[in-house]
Structures are given as C-alpha cells and as structure tokens.
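Let's look at this structure together and ask, step by step, what stands behind each label.

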Amino acid sequence: MASKRKILSFAEKNELIERFQNSNLSKAAFAKANSIPRTTFNNILTAKLCSSNAQICDQERKRQRLSLYENVDKALLSWVKYARSQNAPISWNVLKEKSLEFAIELGESSFVASNGWLQRFNSRRNLSFKKLCGEAADFDSSSLKEWKDVVLRDILERYESANVFNVDECGLFYRILPDRTLCFKGEKCVGGKKSKERLTVLLAANMDLSEKIIPLVIGKFLKPRCLKNCKSLPLFYDANSKAWMTADIWEKTLRRWDLNFSKQKRKVALIADNCTAQYISQLNNMDP
C-alpha cells in the first residue's frame with residue numbers, strides 16, 4: 001500500500017531549511033535522511049514563500065496563494081507594517097479605504113475591496129483584529145432587579161409608556177482612535193496616547209420609542225469657529241470651559257422641556273441618573 005501523502009506547513013518547511021543549513025549533508029543525502037523526495041526538498045529550498053521571522057504569513061499554513069492584485073497586496077502590507085510601528089490602530093473600514101486608495105494609485109481599476117478579499121489578505125499576511133484596551137465595569141444586578149420591580153413598576157402605574165422618558169448624557173470623544181486594531185498574530189497590542197478632547201451629548205427618548213427629544217450638545221466654546229457661518233443646528237448647543245454638564249445647563253434644559261410639555265398639556269416622568277448636577281427643585285409638567 002502506498003504511503004499517505006503529507007503536506008508540510010511553512011513552519012515545518014522553515015525548520016527543514018534551518019536544519020539543512022546547519023548540516024554538512026548534500027541536498028540528496030539530507031532529503032534521504034528525512035524521508036523526503038529529493039524533488040520536493042529542492043522545491044522547498046527554491047520557493048521560500050514564507051520567512052520564519054518576517055511575520056508575513058501564518059506559519060501553520062501549508063500553501064501560500066498569491067493575490068490577483070499583488071501590487072495592492074504588497075502596498076497595503078507595507079502600510080500596515082508602518083502603521084503598527086507607530087502604534088496607530090487600524091480598523092476594518094480604514095483597511096478597506098486604504099486598499100481602495102492604493103488600487104487607484106496603482107491603476108487597478110477592476111479592484112474591489114470586498115470583505116472576502118480583505119479576509120484573505122489578513123489570512124495571507126497573518127493578521128487579526130485585537131482589542132487594544134478595555135475593562136469590564138462593575139455591575140450590581142441585584143440593584144437593577146430591585147429598581148425594575150419597585151421603582152419602575154410604580155412609574156408605569158402612574159404614567160403611560162409614551163410619557164416615560166429616559167435621559168442620559170455621554171462623552172463624545174470625537175478625536176479618539178479606535179480601540180481595536182489590525183495587527184500581526186503574536187504581536188503585542190499597544191495603543192498610543194488617547195485624545196481627551198470631548199463634547200458632552202444629552203439624549204432622551206420615551207419608553208415606546210415614539211418620541212425623541214432634540215439632543216443637547218455641550219462644547220468648550222460658546223461660538224466655535226467651525227459653526228461660524230452656521231445659521232441653524234438640528235440640536236441645542238451650550239458651552240462651558242470643560243464641556244461638562246453643569247447644574248445651570250441641566251436646569252435650563254429641563255425648564256425648556258417642561259415648557260414644551262406644558263404646551264402639549266402632558267405630564268411626563270423623567271428617568272435620569274443620580275448625578276449631583278442633575279437636580280432641580282420643581283417642574284410643572286415633569287416628574288424627574
């Protein structure tokens with residue numbers, strides 16, 4: 001019975017090449033000593049498709065299929081190496097746009113940066129996406145259950161779901177880089193210093209999602225240069241030196257909402273967190 005054919009991975013091929021270079025045997029003698037056909041061993045020495053220290057392809061792969069757009073492939077790989085050397089995070093969309101940019105520059109008019117091509121590029125070049133940083137927030141599930149069973153039930157007994165609004169603020173770090181990046185497998189993932197420039201955005205919507213209140217954005221400057229010739233905005237804008245929510249802005253915002261609900265002759269419940277800035281003594285048509 002003929003022996004079963006074995007296909008060597010790149011790691012195994014690299015190991016054979018290294019052992020051969022450190023031996024004093026001829027190609028024929030080395031191939032015979034390792035039970036490898038001489039022609040196969042000659043092909044391994046000639047090809048050298050994957051270097052053991054170049055991090056270009058997955059060492060466990062057994063075949064290296066070249067891209068139809070090899071120029072785009074090589075240009076994109078060079079850019080990925082440079083970006084990672086600068087600790088710049090690379091998202092999927094950035095990788096896609098960069099490949100299209102290189103294709104245009106190289107005159108590859110038929111190139112399409114499809115998800116399949118990008119996945120094969122990552123596989124060929126031993127790349128994967130990793131999270132740069134992040135930590136799980138502490139969460140008290142018992143407090144949530146108590147709030148739902150007691151507080152929320154009481155609110156829903158007194159208000160219709162269309163009149164129950166949830167409001168919350170969030171920081172919009174508009175210059176921050178992605179927290180996931182494309183990198184070589186086995187590479188230590190370290191991000192650069194994160195930008196702290198931010199806006200605060202206040203969002204509110206009712207429980208049945210039939211109504212969303214116009215957002216409030218808080219910046220550092222009352223008249224930012226980017227809004228110099230802007231006559232109107234689809235939101236409310238306010239400012240303070242740190243772009244944070246303050247008691248004055250919170251009260252002004254709630255009184256504007258209260259006036260609007262008063263015109264509609266509606267009584268509403270407003271659910272917000274217990275931040276000290278988010279406190280107001282009395283409203284006519286809102287129960288915060």
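Q: Why is L95 called buried?

A: Do keep in mind that this is a predicted model. L95 has a relative accessible area of 0%, and buried means under 20%, so L95 counts as buried.

Q: Where does L95 sit, and which residues does it touch?

A: The place of L95 is in helix 5. Setting aside residues up to four places away in sequence, L95 touches L76, W79, V80, I90, L118, F121, N122 and L182. As for T181, its C-alpha is 9.9 Å from that of L95 in space, while the two residues are 86 apart in sequence.

Q: What makes helix 5 roughly perpendicular to helix 6?

A: Here the crossing angle decides. The axes of helix 5 (residues 92–105) and helix 6 (residues 115–124) cross at roughly 100° and come within 11 Å. Angles of 65 to 115 degrees count as roughly perpendicular, so helix 5 is roughly perpendicular to helix 6.

Q: Which residues make that contact, and how do they divide by type?

A: Helix 5 contributes W92, L95, K96 and S99, and helix 6 contributes N115, W117, L118, Q119, F121 and N122. By type, five residues of the contact of helix 5 with helix 6 are nonpolar, four are polar and one is charged.

Q: Why does A162 count as partly exposed?

A: A162 has 23% relative accessibility. Buried would need a value under 20% and exposed one over 50%, so A162 falls in between and counts as partly exposed. This residue lies in the loop between helix 7 (141–158) and strand 2 (164–172). Leaving aside neighbours within four places in sequence, A162 is in contact with N206, D208, S210 and R266. A162 and A269 are 107 residues apart in sequence, yet 9.7 Å apart in space, C-alpha to C-alpha.

Q: What lines the second largest pocket, and how much space lies in it?

A: About 310 Å³ of space lies in the second largest pocket. Its lining consists of 15 residues, of which Y174, L199, P224, C226 and Y237 lie nearest the centre. The lining of this pocket divides into 10 nonpolar residues, one polar and four charged.

Q: How many helices and strands are there in the chain, and what percentage of its residues count as buried?

A: The chain has eight helices and eight strands. Of its 288 residues, 33% count as buried.

Q: What percentage of the contacts join residues at least 24 apart in sequence?

A: Among contacts in the chain between residues at least 6 apart in sequence, that share is 65%.

Conventions
Residues are numbered from 1 along each chain as its sequence is written. This is a predicted model: local features need pLDDT of at least 70, side-chain atom pairs count only at pLDDT 80 or more; totals for chains, interfaces and linings use all residues. Side-chain values use heavy atoms; hydrogens and water are left out. Axes are lines fitted to C-alpha atoms, for helices over the stretch in contact, and angles run from 0 to 180 degrees between N-to-C directions. Helices (H or I, at least four residues) and strands (E, at least two) are DSSP runs, numbered from the N terminus. Angles under 35 degrees count as roughly parallel, over 145 as roughly antiparallel, 65 to 115 as roughly perpendicular and the rest as oblique. Contact means heavy atoms within 4.5 Å. Ala, Val, Leu, Ile, Met, Phe, Trp, Tyr, Cys and Pro count as nonpolar, Asp, Glu, Lys and Arg as charged, and the others, Gly among them, as polar. On a 1 Å grid over the protein atoms alone, a cavity is a set of points where a 1.4 Å probe fits but cannot get out, and a pocket is an open set with protein on both sides within 12 Å along at least five of seven lines; lining residues have an atom within 4 Å of a point. Grid points are joined across faces, edges and corners, and a volume is the space filled by probe spheres set on the points. Buried means under 20% relative accessible area, exposed over 50%, partly exposed in between (1.4 Å probe, protein chains only).
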